[in-house]
Amino acid sequence: MKGDINEQALLKGLASNETKAIETLYKDNFGMVQTYILQNNGSYDDARDIFQEAMIALYEKAQSDSFVLTCQIKTYVYSICRRLWLKRLQQLGRYSQPVDNLEETVGVEEEIEDHEKRNAAFAIMDRAMGSLGEPCKSLLEGYYIQKKDMQQLAEMFGYTNADNAKNQKYKCLMRLKKLFFSQYNIGE
Amino acid sequence: MNMDDILLQEAIERYLTNQMPEAERAYFDQLRTKTPEIDQLVVEHAMFQHEMDFYAQRRNFTAQLHHAHANLLQQGKIQDGTEVSTGGKLIQIFHKYKRVTAIAAAVGGFIAMVISGLVVYFSPVNQNQLVQLSKDIEVIKRNQQYQGSLLNEVKSKIPQNAKLISGGTGFLLDTHGYLLTNAHVLKGSGAIVINSKGEEFNADILHIDNLRDLAVLKINDSEYNAPRALPYSIRKSKIELGEEIFTLGYPRNDVVYGEGYLSSRSGFNNDTLTYQLQISANPGNSGGPVFNGQGEIVGVLSTRQAQTEGVAFAVKSGYIYTMLADTKAENISGMEKIKLNQKSSLRGVERKNQITRIENCVFFVKAYSK
């Protein structure tokens with residue numbers, strides 16, 4: 001089927017961070033999710049949050065080689081969003097009657113569970129990073145997230161040479177690891 | 001911090017990222033086998049490195065998503081509510097308010113996402129409860145379908161092409177067709193209200209107070225016959241713990257009665273805006289009046305605790321007075337005419353007779369957007 005080949009290509013593009021694939025997926029699926037969230041007591045911001053969370057879930061799934069999507073991307077994204085949103089509503093304890101578009105859905109319990117585990121791990125790292133303070137936070141972000149090399153970082157932060165910056169980076173890294181593992185072990 | 005520690009840390013990182021020359025690597029391998037402490041550090045760092053890679057990947061992807069959103073929005077390929085066709089002045093105020101909250105939500109959104117993930121992770125997940133909920137939703141979905149067909153038969157007043165967004169309960173504030181409900185019930189641009197006999201009336205959204213989660217509607221329909229007097233009054237002062245309360249609402253198409261008691265003077269997380277009630281409440285009860293035994297409205301049912309059965313929260317009735325005073329001060333037109341009934345005529349009346357008299361004043365509110 002042609003559709004399937006297209007979808008496979010999109011997922012491959014998504015997994016390798018191709019802007020075009022990301023924008024295509026965004027454009028093709030966002031409206032549907034937005035309508036659903038707005039119909040169910042949510043705001044435009046809720047719609048964006050939930051949709052982006054589902055995109056993250058899809059992206060992280062697509063990273064694994066063994067990942068095979070057994071339904072259309074559209075169905076998958078809709079199902080994830082629907083589940084995430086119902087969960088959010090339940091947490092808020094809001095009561096208006098949920099409306100459904102009678103779109104096709106698939107079971108995504110496992111996906112949601114995996115996603116929540118990853119959210120928790122992400123939150124631990126994020127908190128550890130947040131409580132690190134400057135310049136450690138920016139230095140480590142520069143190295144691990146923006147993937148800059150030590151020479152660039154030394155210039156950015158005004159160290160006289162790369163070795164001094166490196167030294168500082170390791171001091172910061174050890175603090176970060178301490179913060180991270182103090183939380184991570186609780187989570188185990 | 002020890003210099004050796006730093007050197008070791010650097011070595012481990014180079015080892016794990018395959019940046020060690022052959023000879024050094026062989027030496028380090030040997031060191032690992034001989035020194036369990038170092039071996040442990042390597043394993044620990046591998047774990048950390050894995051989490052860090054994942055963290056970096058997600059942060060970069062999130063940035064890409066934001067970028068894609070902004071891009072598509074600019075190209076007009078997606079919408080996000082920044083341009084809304086505005087019907088009347090009051091609707092405009094509503095949208096203006098919505099935008100202010102949108103900014104706050106955007107700031108809080110990301111943090112909330114992270115925290116909520118964490119909360120879910122650390123709190124015991126009750127699988128049964130989750131299953132139960134989705135079942136409920138199936139039922140509601142079916143109800144909605146049924147409701148849809150019924151509405152078509154009697155020619156609904158919801159404009160064609162409009163979509164139902166949310167539903168709840170509302171009650172009369174006075175004899176001129178002013179109704180009170182929760183702000184979160186009115187998600188759309190217009191609303192219809194249905195009385196306990198199933199008659200539908202058009203209503204205008206006059207005022208939305210997101211802070212107190214209260215909203216005012218006015219029935220604007222020639223077919224509507226207003227009652228000559230309201231049986232109940234709205235209480236200004238607080239009520240006592242343990243006081244018996246009851247409510248009427250529309251968790252389904254038919255009006256439903258529920259009773260309980262006041263269990264706390266403050267609401268969820270010590271919120272002083274609300275009372276905590278012990279009462280069975282369901283989706284659709286939002287905006288419903290909470291009465292005490294004398295037939296005074298003491299609160300507006302608004303939320304319930306998701307995890308605990310039977311715990312609900314109601315906005316204290318005193319805030320209805322505060323909201324009306326605020327709208328008067330701000331000169332919001334159409335609101336100045338509202339006169340609240342000061343005396344309940346339900347005192348000492350048997351419950352079932354109280355209900356018969358109240359029933360006509362409690363409406364099913366359906367919000368739609370065009």
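Let's start with Ile320(B), which touches Phe171(B), Leu173(B), Leu180(B), Leu214(B), Ile234(B), Val300(B) and Leu340(B), leaving aside residues up to four places away in sequence. Please keep in mind that we're looking at a predicted model. Ile320(B) belongs to the largest nonpolar core, a set of 56 residues, and together with Phe171(B), Leu173(B) and Tyr232(B) it touches the most other members. Which strand gives the most to this core? That's β13(B), with six residues. There is also a second, separate core of 41 residues, and among its members are Ala47(A), Met55(A), Tyr76(A) and Leu89(A). As a general background, nonpolar side chains tend to be buried together in soluble globular proteins.

Strand β3 of chain B covers residues 190–194, and five of its five residues are buried. In a regular strand the side chains alternate between the two faces of the sheet. For β3(B), one side carries Gly190(B), Ile192(B) and Ile194(B), the other carries Ala191(B) and Val193(B), and both faces are covered.

How is β3(B) joined to β13(B)? By five bridges, with the two strands running antiparallel; β13(B) spans residues 362–369. β3(B) also runs antiparallel to β4(B), residues 200–209, and here there are four bridges. β3(B) and β4(B) make a hairpin with five residues between them, and in the turn Gly198(B) has a positive phi of about 90 degrees.

On to the cysteines. The count over all chains is one disulfide. The pair is Cys136(A) and Cys172(A), with sulfur atoms 2.1 Å apart. The link is left-handed, at -80 degrees about the S-S bond.

Last, charges. There are 21 salt bridges over all chains, and I'll show you a few. Glu24(B) pairs with Arg14(B), with the closest N and O atoms 2.9 Å apart. Glu24(B) lies in helix α2(B), residues 22–34, and Arg14(B) in helix α1(B), residues 3–16, so this pair ties together parts that are 10 residues apart in sequence.

Next is Asp209(B) with Arg212(B), where the closest N and O atoms are 2.6 Å apart. Here Asp209(B) counts as buried at 7% relative accessibility, and Arg212(B) counts as buried at 12%.

Finally, Glue aside, here's Glu259(B) with Arg351(B), at 3.6 Å from N to O. Glu259(B) is in strand β8(B), residues 256–264, and Arg351(B) is in helix α7(B), residues 351–359, so the pair ties together parts that are 92 residues apart in sequence. Arg351(B) is partly exposed, at 23% relative accessibility.

Technical notes:
Residues numbered from 1 in each chain as written. Chains lettered and ligands numbered in written order. Predicted model: local features only at pLDDT ≥ 70, side-chain atom pairs only at ≥ 80, totals over all residues. Heavy atoms only, no water. Buried < 20%, exposed > 50% of the residue type's maximum accessible area, 1.4 Å probe, protein only. Pairing = 2+ DSSP bridges. Core = buried A, V, L, I, M, F, W, Y, C linked by side-chain atoms within 4.5 Å. Contact = heavy atoms within 4.5 Å. Disulfide = S-S within 2.5 Å. Salt bridge = Lys/Arg side-chain N within 4 Å of Asp/Glu carboxyl O.
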